[in-house]
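Subject: Structure for your review

Dear colleague,

Please find below the structure that I am handing over to you. My findings follow directly after it.

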Amino acid sequence: MVKIALIGCVKEKLEWPCKAGEIYTGAQFLKWKQDADDWGCDSYYILSGKFGLIHPNTIIAPYDVNLDLQTDAYREEWFQNAAKEINALAKEEIVIKFFCASSYSDGILNLLSENVIVQR
């Protein structure tokens, strides 16, 4: 079964557009990324407060959007969209593990399809 890590974004970023997997420079992101590697993930995606679920090779520009500081309506739409994108990865059963603040993962959990197994 494919193991996919979902890593939260952080405030600290490079100041120019680049791959999402390279733009985040904060210690917490680097720790989560290492934890995901240690978990043995087959691939990872980033949970971005601005872009939702993004592949690490996607080119993005620096931004300053913290999901925790957004309106309830913004967050609800963000959770719905992120869950939809995660569910689209699960054509067959997948195992996911969140490496992020609970405020980024909790709103997604009840929206995942039966093909998405969450490891805690």
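Strands β1 and β6 run parallel and are joined by six bridges. Please note that the model is a predicted one. Within this pairing, Ala5 stands opposite Lys97 of β6, and Leu6 stands opposite Phe98 of β6.

On the β3 side, β1 (residues 2-8) pairs with β3 (residues 43-48), again in the parallel sense, over five bridges. Here Ile4 has Ser43 as its bridge partner in β3, while Leu6 stands opposite Tyr45. A further parallel pairing links β6 to β7 over three bridges; in it, Val95 has Ile117 of β7 as its bridge partner.

These strands belong to an open sheet of five strands with mixed pairing, in the order β4-β3-β1-β6-β7. Its edges are formed by β4 (52-54) and β7 (116-118), each of which pairs on one side only. From one strand to the next, the twist averages 30°.

Burial in the sheet

Strand β1 is mostly covered, with five of its seven residues buried. For β6, six of its six residues are buried. In general terms, the side chains of a regular strand alternate between the two faces of the sheet. Both faces of β6 are covered: on one side Ile94, Ile96 and Phe98 are buried, and on the other Val95, Lys97 and Phe99 are buried.

Helix α2 (residues 27-39) lies across β1, β3 and β6 (94-99), and runs at about 170° to β1.

The nonpolar core

The largest nonpolar core comprises 40 residues. Which of them have the most contacts inside it? They are Leu6, Tyr24, Leu47, Ile96 and Ile108. At least two residues of this core come from each of β1, α1 (20-23), α2, β3, β4, α3 (72-89), β6 and α4 (102-109).

Leu6 deserves a separate entry. Leaving aside its neighbours within four places in sequence, Leu6 is in contact with Tyr45, Leu47, Leu53, Ile86, Ile96, Lys97, Phe98 and Phe99.

Packing of α3 and α4

Two packed helices are described by the angle between their axes and the distance between the axes. For α3 and α4, the angle is about 70° and the axes are 9 Å apart. The two helices are therefore roughly perpendicular. On the α3 side, the contact is made by Trp78, Phe79, Ala82, Ala83 and Ile86; on the α4 side, Ser103, Tyr104, Gly107 and Ile108 take part. Ile86 is also among the contacts of Leu6, and Ile108 is one of the core residues with the most contacts.

Ala101 is found in the loop between β6 and α4. Its relative accessible area is 32%, so Ala101 counts as partly exposed. The C-alpha atoms of Ala101 and Ile7 are separated by 9.1 Å, although these two residues are 94 apart along the chain.

Salt bridges

How many salt bridges does a search of the whole structure find? The search finds two.

One of them joins Lys31 to Asp35, with the closest N and O atoms 2.7 Å apart. Because the two residues are four apart in helix α2, about one helical turn separates Lys31 from Asp35. Lys31 has a relative accessibility of 46% and so counts as partly exposed. Asp35, with a relative accessible area of 25%, is likewise partly exposed.

The other joins Arg75 to Asp72, with the closest N and O atoms 3.0 Å apart. Both residues lie in helix α3, three residues apart, which is about one turn of the helix.

Yours sincerely

Key. Residues numbered from 1 in each chain as written. Predicted model: local features only at pLDDT ≥ 70, side-chain atom pairs only at ≥ 80, totals over all residues. Heavy atoms only, no water. Pairing = 2+ DSSP bridges. Axes fitted to C-alpha atoms, helices over the stretch in contact; angles between N-to-C directions. Contact = heavy atoms within 4.5 Å. Core = buried A, V, L, I, M, F, W, Y, C linked by side-chain atoms within 4.5 Å. Buried < 20%, exposed > 50% of the residue type's maximum accessible area, 1.4 Å probe, protein only. Salt bridge = Lys/Arg side-chain N within 4 Å of Asp/Glu carboxyl O. Parallel < 35°, antiparallel > 145°, perpendicular 65-115°, else oblique.
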